[in-house]
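Reader: Could you take me through the salt bridges, the nonpolar cores and the strand pairing of this model?

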Amino acid sequence: MPAKIESTHQLIKKKLVVYRRPDSDAWQCRYTVDGKKWHCKTTGLTELEEAIPKAHEILIAARLLKERNLPVVSKKVSDIAKLTIQKMDDNVGYEAGSDSFPQYKRIINDFIVPFFGKKHIDSITPKMMGEFDKWRTKKLGKPLAYSSVRKHNVTLNRIFQEALERGYVHKTQIPYLETKGVKSKNYPTFEVVEINAILAHMPAWIINTKHKKSFWRRHVVHDYVRVLIETGARPGKELLNLKWKNIRIKKIQTGGMVTVPDVEAMQESKTGDPEFVDLEPIDSNYDSEGNCLSEPKWDVTVYMDVYGKTKDRTVNGFAVTYKVLNEIVKRNYTGDNATTLEALTQNKSDDFVFRSYWNMHDDYREACECFNHMFDGFLEDHNLLIDPKTGRKRVFYSIRSAFTTAALNLDAVPIRDLSKQLGNSVVMIQKHYDRATGEAITKNVKASNTHNAFFGDAKIPEIYQSKKAKQPA
């Protein structure tokens, strides 16, 4: 039997050992979690009394990984990717950018693991990254867009960072990830007449189906499209994650029956703002038989607090959005579950807004995929899917583009205000959405006030008189 080496100490029989190599001052740890395979890892400490508790920590961490069916120690990219995904799952909602975790996981499962999975993390070279780029281009049938390459690189860097923290790779072994790709193009837009066509034909499209679920889903797509058209909101999670509790409604009477504030309701209101409470009619607006002489007219603003690509912001909706929300309430809340829009918003209901009554709590991704497919079908059926100017397929973002272009051309909405409504910077709006032509801006640049100021009658101060003309002849 060989003599025991002084630099080796058994901490747990047949499970945990610390030892020191002849060429190193740091204590190493050797351990097993299944009694079969031994793993080695440095404690990074030179003092034995400090290395011993560190070795116990390493063993405990390895056991936890084993219990969660995660690799204990492995330099394979597939195993490190599992650890990276687990870390994302553990930090959802707490880490900045956690909304992007589903995309990172998809990139890992669809691209990184299929190509790099069996390779060791410390063997990846710049040449291999070039081969990866060619492989994914062939897999997709086209080069990735610049933004997609950037997401792939962010995901790869997460995996490299995980390996770096575990000591599986050195900083110098991590290849530089260059962001190349096809620059994104502006979304094809809709002309005003094409938006008119969408709104005109969708009601008939809703009932032109034999499937019950499709019938109800088409209703929701119609709701979704109308709000997108009126607000220019960003399609996807911003609206599809919207809940009744995220909505505030402001009503101001502009005509018709005169009303006065409900004082009791105002006292119960947190804000005490009469514009946010129901108003009761006064008696002078009824005839002797109690018939209403005139209907009240309201100016309604719907404030939708959304969370998405640009984090928290408020999207302003108006009469159309208010009408749509009331229609959703009437469809989804019937019978014993009947309620009102005001009740849902004031009571902070946690139900999603853009859902059918039978899937009010479904994840937005399922709704998003379903709506995209249905909208494609509608556009195809009505000769609206392909933009004749660009030859490219239109999508929900094309509605956002149409709204922005029309707001700039037809209403000259200040670009600062559009920036707030859309959640885009002024530069991004000008780059992607401003399609103004010389003809489109004619009315706005006519600048009548400027013209009159320059060319109208004006009293010229004497100081501007000719010096020569003042001199005596």
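Author: The conversation below covers these topics in turn. This is a predicted model, in which local features need pLDDT of at least 70, side-chain atom pairs count only at pLDDT 80 or more, and totals for chains, interfaces and linings use all residues. Residues are numbered from 1 along each chain as its sequence is written, and side-chain values use heavy atoms, with hydrogens and water left out.

Reader: How many salt bridges are there?

Author: The count comes to 20 salt bridges, each being a side-chain nitrogen of Lys or Arg within 4 Å of a carboxyl oxygen of Asp or Glu.

Reader: Which residues are linked in a network?

Author: Salt bridges link D223, R226, K323, E327 and R331 in a network. Within it, D223 pairs with R226, with the closest N and O atoms 2.8 Å apart. These two residues are 3 residues apart in helix α7 (residues 212–231), separated by about one helical turn. Helices here are DSSP runs of H or I with at least four residues, strands are runs of E with at least two, and both are numbered from the N terminus.

Reader: And what about D223 and R331?

Author: Their closest N and O atoms are 2.4 Å apart. D223 lies in helix α7 and R331 in helix α10 (residues 319–332), so the pair ties together parts that are 108 residues apart in sequence.

Reader: Are D223 and R331 buried or exposed?

Author: Both D223 and R331 are buried, where buried means under 20% relative accessible area, exposed over 50% and partly exposed in between, with a 1.4 Å probe and protein chains only.

Reader: Turning to the cores, which residues touch the most other members in the largest one?

Author: In the largest nonpolar core, of 46 residues, they are I198, V225, L239, W244, I247, M304 and F354. Such a core is a set of buried Ala, Val, Leu, Ile, Met, Phe, Trp, Tyr and Cys residues joined through side-chain atoms within 4.5 Å. Helix α7 supplies the largest share of this core, 7 residues. Another core, of 25 residues, lies apart from it and includes I85, F101, I124 and Y168.

Reader: Finally, how many bridges join strand β1 to β2?

Author: Strand β1 (residues 8–12) is joined to β2 by 4 bridges, and the two run antiparallel; strands pair if DSSP finds at least two bridges between them. H9 stands opposite V18 in β2.

Reader: Why is strand β2 largely enclosed?

Author: In β2 (residues 16–20), 4 of the 5 residues are buried, so the strand is largely enclosed by the rest of the structure.
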